[in-house]
Amino acid sequence: MSWYLSLPPAQAHVPCGAATHVVRWEAGRLALTAHPDADAEVVLAALGGIQPRCVAISQTWARHAADLDVLTLGPRSPADQIAATWQEAQARRASWFGLFTTERLPPGIPGIARAGGGRRPFLAPQSAAAELSRRAQARIELMELLALGPAFQFRLAGTVAAGWPADGGRRPELTAALSGRFALAAHAWLGIDPDAVHVTALDEAEPTLQMHGAGPGRRLRASLPVSWLASVWACGLAVIGGHLVVGVEQPGWPRARVRALPAPGATPSPVDVVATGEGAGGLPRWEIAGDTRR
Amino acid sequence: MRLLAEAALRARRSGADSGTGAAAAERVSRAADILIGAGVVEELLAAEILVMLGTALRIRGVEWRPEPRGVRRLAASALPRQPAPQPAAPAPWRVIPARAAGSEPAPHAPGSRVMAIIVTADRMIAPAMLRFPEQPPAPGGASNPPAVNPPAAPSFADLTATDDVGTGYMVSFIDSQWAGGTWNGTLMLRPAPPGHARVLTINSPNGLILRAPLTTAPQPGPIRCEVTDATDSPGERMLTRRAESLITAFATGGRRASPGSSLAKAAGALSKAPGAITEAEVRRTLEAAGALSPLSPVPGQLAALGEWVATAGAPGSPHAALPARWAAVLAHYARRRPPTAGTPAPSGEMGAIGAVLPMLDGVRLVIAGVRTSSQGTVMHVAARGLRTLPWAPATVPGDTAPPAPHDTGLSWWIRDEWGAWHVGALQSWHAANHDTTLRLFLLPPLPPGAPGTRGTLTIEVTGTWHRLTADVPVHW
């Protein structure tokens, strides 16, 4: 089962040369509609030609398809809006990946602080500069990917999460990614303080949820498979009609079958859901099939 | 740290202004300092998490960046590193222990002596005491009248260092202290000597200053040495080091922490590291990271120590719950006046050790020796693999308290032959290529040994994970 089957196609507009081209995501892959032979353009670029930005974006996407930093920078919920633009990413590139900056950059651009607040050239030791610039360049590439917009942000996050098992040696990053996103889903589900949600990342074990205490002091302990990030959260399925979705039995769009529970003590049961349009974050707006409350 | 970073991003969403997110991010930064201090998070990882958090906040409209110290950590961590020494690998130095006093190669240089010569790949490091010959009277002139003031320090630029095979060495001097015509400190001589060189000679225009052998005598080494697991958790180790720093501040700062006194300020500096970290936050962070048990007695002991320091000397001062070693050191300084600062240090007595210790938590150590004077006892150590020490003293802007002592991540306790324990407090350090020379105050000071005698010290060094105990011979 492919996690992305619960997502409809999405597209973004990318400034490419003198034109603006459409980059399309569908079924887990990027398609460059204006560059039908992208591989040939890659070869031409390697021989000294100019690489179209669409092609560069496609390559960048592939480079970061398993990059857990995507989950660190990317959205936590559909309401989590990220202000990343092409202009900012270009400004960062123009400043040698931010390591040398002599002019104050627009707000929201990552850089390196200096005591006193002003931004001045940061002179890294020469032997460290290459490593620092490599890391800075990776962050700029992520900025460019995030500039594709919310729909692509969720789809890239799903791609990354789907590639990592919990025991893949990156459990701290995956636990943080899972906690940060599930806590907000639990808040949307129960109104619980997200800081009171404790999440344990599992492999493909059965999810468990336990509520402790009551009132403002209540705590929710959840054990979830890492695959929840891709198959549920990245598809906008986390909370539907007052149900918390803990798994997907049959992915699909616009109809899917999920396993959900209406309350913390309940047993997850199959629920058919249907996409009724586009919601926040470029994700489908899901409803329980046959639910006439809305 | 990552979970705290997630909380900081959520605080940005729920906060009324961007300051809420920035304040939450500062909490992550403080947690990084605490966990790095406890040795449970590597600096590079902490720096990367903070940099990514800053980026995540800024693309959400919150202007927050890691403080410069975090960026320096990142830069320092990005530098090509010396491969971590392997426990089974031989020590990266050749140590030439000092001969017994008076048995140096002839002709002798009266009064001058090295503790040990530590030969690294590119230099020699030698804690030493050098006695400079007096300037001869001018030809035909009367002898100089007795000096009213101490003579001025001779010019180091006039010194020459050579060996018996003709190698010339560039000499530099660190940790210098003068008393009359005697210099105490550490010599750095570059390059490393050739393998067949036998004698090092340092001359001044007025005559011979030092002759020291360059041949390796049978290594005295520790008489007994063992490395065991540390019995306390990384959080307890960190709090114990803070307690030792407070004991040091008490021992060197005065008898009582009256308001406004230097000791009170030192205690304040210890209770709030940069960013005003409270003890409660330290405990919470360490407990959340699993580095400190909620049932640990050490936080209570640290609190009791703070109370003790604040009331020491007053009738009925609380003594409860303090480990015996702490109490013994505190009692020593509670009944004695601290040494007067600013007086010239007499030459004192030098005890040569020259012992290479086994690796401890990735750190290689050589104990060069000890020197006692009326100003106290200093132990000279060379280390490789030590954690990154701050580039500048950690101070809080606007805070007049003295900076918190540098934390090497190691606790030092030395037991003398009479069974008394002395805490080792970092006085100064000097980085030279991959090696760091350390000067540790031993508090209370050791009783000096008589020249020519031999004694034994028990040195206990505790890192985050392991403890090293060694009995080492001292040649006075």
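## Surroundings of Phe182(A)

In this predicted model, Phe182(A) touches, beyond its neighbours within four places in sequence, a set of residues made up of Val197(A), Val199(A), Leu209(A), Leu220(A), Ala222(A), Leu224(A), Trp228(A) and Leu244(A).

## Nonpolar cores

Phe182(A) is listed with Phe152(A), Trp228(A), Leu286(B) and Leu305(B) as having the most contacts inside the largest nonpolar core, which holds 134 residues. Helix H2 of chain B, residues 18–38, supplies the largest share of this core, namely nine residues.

## Packing of H8(B) and H9(B)

Helix H8 of chain B (residues 298–311) and helix H9 of chain B (residues 324–334) have axes that come within 12 Å and cross at roughly 5 degrees; because angles under 35 degrees count as roughly parallel, H8(B) is described as roughly parallel to H9(B).

On the side of H8(B) the contact involves Gln301(B), Leu302(B), Leu305(B) and Trp308(B), and these meet Trp326(B), Leu330(B), Ala331(B) and Ala334(B) of H9(B). By class, the residues of this contact are seven nonpolar and one polar, with no charged residue.

## Helix H3(B)

Helix H3 of chain B, residues 43–58, has 16 residues, which at 1.5 Å a residue should span 22 Å, and the C-alpha atoms at its ends are 22 Å apart, in agreement with that expectation. H3(B) is also mostly covered, with 13 of its 16 residues buried.

Terms used. Residues numbered from 1 in each chain as written. Chains lettered and ligands numbered in written order. Predicted model: local features only at pLDDT ≥ 70, side-chain atom pairs only at ≥ 80, totals over all residues. Heavy atoms only, no water. Helix = DSSP H or I, 4+ residues; strand = E, 2+ residues; numbered from the N terminus. Expected span 1.5 Å × (residues − 1). Buried < 20%, exposed > 50% of the residue type's maximum accessible area, 1.4 Å probe, protein only. Core = buried A, V, L, I, M, F, W, Y, C linked by side-chain atoms within 4.5 Å. Contact = heavy atoms within 4.5 Å. Axes fitted to C-alpha atoms, helices over the stretch in contact; angles between N-to-C directions. Parallel < 35°, antiparallel > 145°, perpendicular 65-115°, else oblique. Nonpolar A, V, L, I, M, F, W, Y, C, P; charged D, E, K, R; others polar.
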